[in-house]
Amino acid sequence: MSPEHADRTRGSPHGAPGAEQEPRVGVYVCHCGHNIANTVAVDEVAEWAGGQAHVTVARDYKFMCSSLGQELIEQDIKERGLNRVVVAACSPHMHEKTFRNTCQRAGLNPFLFEMANIRELGSWATDDREAATQKAKAQVKGAVERAVLQRPLDPLYVDINPNTLVVGGGIAGLTAALELANAGYHVYLVERDSSIGGHMAKLDKTFPTLDCAACILTPKMVDAENHPNITLMTWSEVLSVHGYVGNFSVRVRKRARFINEELCTGCGTCVEKCPVRIIDQNFEVGLGYRKAVYRNFPQAIPKYPVIDPDNCTFFQRGKCRACEIVCPTDAIDFKQKDEIVDLEIGNIILATGYEQFDARTIPQYGYGRLANVFTSMEFERMVNAAGPTAGRVVLRDGVTAPKRVGIIHCVGSRDKKYHEYCSRACCMAALKFAHLVHERVPEAEVFNFYIDIRAAGKHYEEFYHRVLSEGAHLIRGRVAEVTDAARGPGEEGQLIIQVEDTLIGKQRRIPVDMVILMAGMEARKDARQVANLFGLGCDFEGWFTERHAKLDPVVTMTEGILIAGACQGPKAIPESVAQGSAAAARVAGMIGQRTMKMEPVRASIDADSCSGCRICNNLCPYHAIVYHEDRRVSEVLTALCQGCGACVAACPSAAISGAHFTRDQVMAQIEGILWDARQPEVLWLEPA
Amino acid sequence: MENHFQPIIVGFLCNWCSYRAADLAGTARIHYAPTMRPIRVMCTARVEPEFVLKALREGADGVLIAGCHPGECHYVEGNIKALRRFTLLKALLRQFGIEEARVQLVWAAASEGKQLAEAVDRMTEELRALGPLRWRETVLGEQPVARRMAEAEVGG
């Protein structure tokens, strides 16, 4: 028997109540329907577990997390006198809380429960039934051995700071911020762009009601600006996030606008007089121009413009100062510096939105090569009365109205070469475009090229029929190519859309003079960095991962970090608004509790064993360890400790113990998880 | 001849990044070698060198420690502390004659299920090439003389 084993069975000197009793472990192996049972021989694992040391009862059950499954555990705790529970099922991040509550209901301290993750880390990761079963046994054994040494713990309570940070000022973030502010809580709304409003501010009409986007959005933007409970921070980015739920410290950089916000009245004279005109790749998606001092759009909130130093003549060549000269309030400040702001926050809602798929990625559709191929966002700007063409639908020359318009659906989405997912909002947007073309250019013909029409939403199907009745042609088939190479009469000078019409089973060449590419939504390029900054997960496509796809869509795996809107996946306005409200409600609920239960996973120092070496003092990132000069011992301040365990591992006298991750618990788990791996017992000859 | 040796790896996964990466790999149904037996720790900084040695002595053929990327640690820089400790441990393992590939430290963010799965696959292949660790012969330099009656439940 190894020395550790002897050590472990000797029991802990700090043995808590429950630890002295004879361990009686209940093991429950979950089928999770077929999710686990298809790959792991759950009945075999349960039967085997029943024969292991300390195990009083072992069962397998279809759904352990169901109320019947939980009752099974409660009943066994009460009737069979279990004092430890092990559930082999999904990830502890999924259901650890569920089963801890189960134990608590039956009068067992929740920290005497342990979970073996045989689904995410087992059955879902392999097809090899034999290996998966063996691995599941090892995980169960490890959990049992660990559970035997677990001690009852009492939860810690932390105060929840009532301030909330909302990142992203699009419609989702705006909604969340307003909901919370109206509930009486303070919100910091951080937006990277110079104005709030997000993508919705670029749109002209919204489907299916054809409401004017600006008419419904700008009042909300104004509300946010004037709300006493909202601190608006535009042209700003989050630099760092530290802390934990209820107590985040967030550092924000407010980029220099070079405009003194105290003095600026938003009159716009500087914008008017600025001699530099450059293509606006951001708000006007390359279709229009802006100045070097600019506002995204006339109703921008806040109303202060920004100076773009990369294009400003003064910043580049030290001359000009036209804006400074014309400003009636002397608000131009070329010396302005970025400002660093530190915020204390209780909860964070991320509503960072999406980016549009770059249509250039698909060369056969000709975007960027064929002048009259437009992206859907370009068309949005074109039909917008406040846009670069003042709402006129025209070709790239800026004057000619199109006679035939082709709208290609699913560009970059529903395509295994780019994004496999459906981008969800584009079918309806494409139908809206068909309607708008008919409205603005009544004599024009519109062709929609679709794979399937996805019109699942309130009044969506009705809108589809409306557009059909207006005379839009719908052709079912994925477009192969958009070309300007004419093959016959009637094709010269036109863009030809080559498509297989799958309803009649024929190849067709349809000449048009304008093409609109319905480029799908994709995750922001920096989504992964943002996810890492805030400590949440994102999937391969870059969408942020919710705690549960169906039942917990706005909360992430990281406590206190919530998500809303298209940063979680493609979404139209109504769903984004719903998520913004949902996230706000969750945060309000959290603030309402005032305190929150925290894992009592904390370090503590046994003063008798501490030699006062002070190695741990500098290791703690939270300065939670203090040294008492008089007694020459260190002490952990529980309120500051976050339970990482760095000090526990470093203590040369083993005087520090980390609750719920004690050395003996981990050692026991290692032994358990390797129950079948130890070298066979043989007689060994020592080396000569 | 095809190598059928299936190594056993003990994986110390940090709660915030790598455990979630492993969860994600499962959720995304990424299949990888079923060789890694996971132990969840709050942070890689909690992993004592003794844990690694214990796992090797108990029969593991390798130990994988997986944490957040540098700069992304949930506990500011626990992963850097783990890296420092790991560097010292490697020097010790070398003296024991334990090959470098047997104990590895990797970074996997919560979104990097694929990377974690690949790390397990890669390590499994490397260990397959090295063969079983055989702690007693390799580290203690002992030789088996006779098999005792298998009274223990080992392998049961």
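Predicted model: local features only at pLDDT ≥ 70, side-chain atom pairs only at ≥ 80, totals over all residues.
The C-alpha trace of chain A extends over about 90 × 70 × 60 Å along its principal axes. Of the 688 residues in chain A, 49% are buried. Contacts in chain A between residues at least 6 apart in sequence join, in 70% of cases, residues at least 24 apart.

An open sheet of five strands in chain A has the order S10-S7-S6-S18-S29, with parallel pairing. Strand S10 (230-233) and strand S29 (561-563) of chain A form the edges, each pairing on one side only. Strand S7 (residues 187-190) of chain A is joined to S10(A) by four bridges in the parallel sense; Tyr188(A) has Thr231(A) in S10(A) as its bridge partner.

Two helices of chain A are related to strands of this sheet. Helix H15 (residues 573-593) of chain A lies across strand S6 (164-167), strand S18 (347-350) and S29 of chain A, and runs at about 175 degrees to S18(A). In H14(A), the buried residues are Ala527(A), Val530(A), Ala531(A), Asn532(A) and Phe534(A). These buried residues of H14(A) pack against S18 and S29 of chain A, and also against strand S11 (236-244) and strand S28 (521-523) of chain A.

A helix pair is formed by helix H11 (residues 376-383) and helix H12 (residues 426-440) of chain A, which pack at an angle of about 40 degrees with their axes 11 Å apart. The crossing of H11(A) past H12(A) is left-handed. H11(A) contributes Ser376(A), Phe379(A) and Val383(A) to the contact, and H12(A) contributes Cys426(A), Ala429(A), Phe433(A), Leu436(A) and Arg440(A). By class, the residues of the contact between H11(A) and H12(A) are six nonpolar, one polar and one charged. An α-helix has 3.6 residues a turn, so residues three or four places apart point the same way.

The largest nonpolar core comprises 252 residues, and Val27(A) and Ala88(A) have the most contacts inside it. H12(A) supplies the largest share of this core, with ten residues. With neighbours within four places in sequence left aside, Ala88(A) is in contact with Val27(A), Tyr28(A), Val29(A), Cys30(A), Val45(A), Ala116(A), Ile118(A), Ala136(A), Gln139(A) and Val140(A). Another core, of 19 residues, lies apart from the largest one and includes Ala292(A), Tyr304(A), Cys327(A) and Ile332(A). In soluble globular proteins, nonpolar side chains tend to be buried together.

The contact between the chains involves 59 residues from chain A and 59 residues from chain B. On the side of chain A that touches chain B, the elements giving two or more residues are helix H5 (129-149), helix H14 (527-534), helix H17 (646-650), helix H18 (663-673) and strand S35 (682-685) of chain A. H18(A) gives the most to this side, with six residues. The side of chain A that touches chain B is made up of 31 nonpolar, 15 polar and 13 charged residues.

Notes. Residues numbered from 1 in each chain as written. Chains lettered and ligands numbered in written order. Contact = placed C-beta atoms within 7 Å. Nonpolar A, V, L, I, M, F, W, Y, C, P; charged D, E, K, R; others polar. Axes fitted to C-alpha atoms, helices over the stretch in contact; angles between N-to-C directions. Left-handed = near helix turned anticlockwise from the far one by under 90°. Pairing = 2+ DSSP bridges. Core = buried A, V, L, I, M, F, W, Y, C linked by C-beta atoms within 7 Å. Buried ≥ 20, exposed ≤ 12 C-beta atoms within 10 Å, placed from the backbone.
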